[in-house]
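Dear colleague,

Please find the sequence and structure below. My notes on what was found follow directly after.

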Amino acid sequence: MPGKRVVFLGPPGAGKGTQAKQVVAKLGLLHLSTGDLLRDEVARKTELGEKAKGVMDRGELVPDALIIDMIRGRLSGARNGFLLDGFPRTVAQAEALAGITDLDAVVNISLPRDEVVRRLTARRVCRGCGAIYNLTFNLAAEESKCRACGGELYQRDDDRPAVIENRYDVYEKSTAPLIAFYSRRSLLHSVDGRLGSDAVLAEILRILGA
Ligand code: AP5
Ligand code: MG
């Protein structure tokens, strides 16, 4: 049986990346995070990275056509199922995705604005392996190396308070309409992102029948 075809929706900081890493490890899916792919393009100073950097630093969305081009080829190689994290983010992206593949489930992880700001200002990420930490519960202030790979921990350029607020505004305007889009197609499942990480994971695995 081919693997599941899953989308994670949700505002910045809802826990999409944290959960995606665990779900793909358990179900053997291909993890495609458009944010991670774009940050890699920025780090390698590619043409796409140069176009995306300023947009990302302001918390705006990279143009749909660039994102769809970036994701299309990668999806065609995902024979054992995939988990899309941070894509689609606009109705135009969702319509393009529908022209490429069917989906089995869309999981919407919700989180209110005040909690998003609290979590993202305390987030640190490993430059080496992408492990995600938080100063409020699993990282001490003096720790500067990743526990998994020893890589350098850093704060994302878009995790500054003013940019976080703008990312949430952009989410509400451009991405939240996808909740109704996928609800109409009977694909939507909702998870309360305020729960602890283990409870969120258990709920997602239940939804995916794993
Ligand atoms: P992207 O990288 O996708 O950022 P985002 O959607 O804003 O989401 P985040 O990665 O910030 O949050 P997350 O939900 O993954 O949370 P995490 O697990 O890290 O996109 C960045 C930018 O790229 C965009 O602004 C845009 O410019 C561009 N872009 C990307 N995709 C695009 C697209 N499709 N179209 C156009 N432009 C695009 O968790 C957050 C923190 O909370 C961590 O510290 C974590 O440890 C902690 N945490 C996680 N779960 C819990 C829990 N249950 N309880 C307490 N703390 C928790
Ligand atoms: Mg993420």
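This is a predicted model: local features need pLDDT of at least 70, side-chain atom pairs count only at pLDDT 80 or more; totals for chains, interfaces and linings use all residues.

**Glu115 and helix α6**

Glu115 is buried, with a relative accessible area of 18% (buried means under 20% relative accessible area, exposed over 50%, and partly exposed in between, with a 1.4 Å probe and protein chains only). The residue lies in helix α6 (helices, H or I with at least four residues, and strands, E with at least two, are DSSP runs numbered from the N terminus). Its side chain meets that of Arg118 in a salt bridge, at 3.0 Å from N to O (a salt bridge is a side-chain nitrogen of Lys or Arg within 4 Å of a carboxyl oxygen of Asp or Glu). Glu115 and Arg118 are three residues apart in helix α6, about one turn of the helix. Arg118 is partly exposed, with a relative accessible area of 46%.

**Other salt bridges**

A search of the whole structure finds 20 salt bridges.

Lys53 forms a salt bridge with Asp157, and the closest N and O atoms are 3.3 Å apart. This pair links distant parts of the chain, 104 residues apart: Lys53 belongs to helix α3 (residues 47-58), and Asp157 to the loop between β7 (153-154) and α7 (161-175). Lys53 counts as partly exposed at 31% relative accessibility, and Asp157 is partly exposed with a relative accessible area of 45%.

A further salt bridge joins the side chains of Glu41 and Arg44, at 3.5 Å from N to O. Glu41 counts as buried, at 11% relative accessibility.

Which residues come nearest to ligand 1? Of the 35 residues around ligand 1, they are Thr18, Glu60, Arg89, Arg123 and Arg167 (a residue is near a molecule or strand if one of its heavy atoms lies within 4 Å of it). By class, the shell around ligand 1 has 14 nonpolar, 12 polar and nine charged residues (Ala, Val, Leu, Ile, Met, Phe, Trp, Tyr, Cys and Pro count as nonpolar, Asp, Glu, Lys and Arg as charged, and the others, Gly among them, as polar).

The elements α1 (16-27), α2 (34-43), α6 (113-121) and β6 (132-134) each supply at least two residues of this shell. Helix α2 gives the most, with four residues.

A polar side-chain atom of Thr34 lies 2.7 Å from a nitrogen atom of ligand 1, and a polar side-chain atom of Arg89 lies 2.7 Å from an oxygen atom of ligand 1. A polar backbone atom of Ser197 is 3.3 Å from a nitrogen atom of ligand 1. Taken alone, ligand 1 exposes 1,100 Å², and the protein buries 95% of that (accessible areas come from the Shrake-Rupley method with a 1.4 Å probe, and for residues only the protein chains shown count as cover).

**Arg123**

Arg123, one of the residues that come nearest to ligand 1, is placed in strand β5 (residues 123-126). Arg123 is buried, with a relative accessible area of 12%. Apart from its neighbours within four places in sequence, Arg123 is in contact with Ile132, Tyr133, Asn134, Gln155, Arg156, Asp159 and Arg167 (contact means heavy atoms within 4.5 Å).

Val7 lies in strand β1 (residues 5-9) and counts as buried, at 0% relative accessibility. Leaving aside neighbours within four places in sequence, the contacts of Val7 include Leu84, Phe87, Pro88, Leu97 and Ala105. Val7 and Phe82 are 75 residues apart along the chain, and their C-alpha atoms are separated by 8.2 Å.

Leu208 lies in the segment after α9 (197-207). Is Leu208 buried or exposed? Leu208 is buried, with a relative accessible area of 4%. Not counting residues up to four places away in sequence, Leu208 touches Lys4, Val6, Val23, Leu27 and Ala105.

With kind regards

Definitions and conventions:
Residues are numbered from 1 along each chain as its sequence is written. Chains are lettered from A and ligands numbered from 1 in the order in which they are written. Side-chain values use heavy atoms; hydrogens and water are left out. A polar contact is a pair of N or O atoms within 3.5 Å; within protein, one must be able to donate a hydrogen and the other to accept it, and residues adjacent in sequence count only if both atoms are side-chain atoms.
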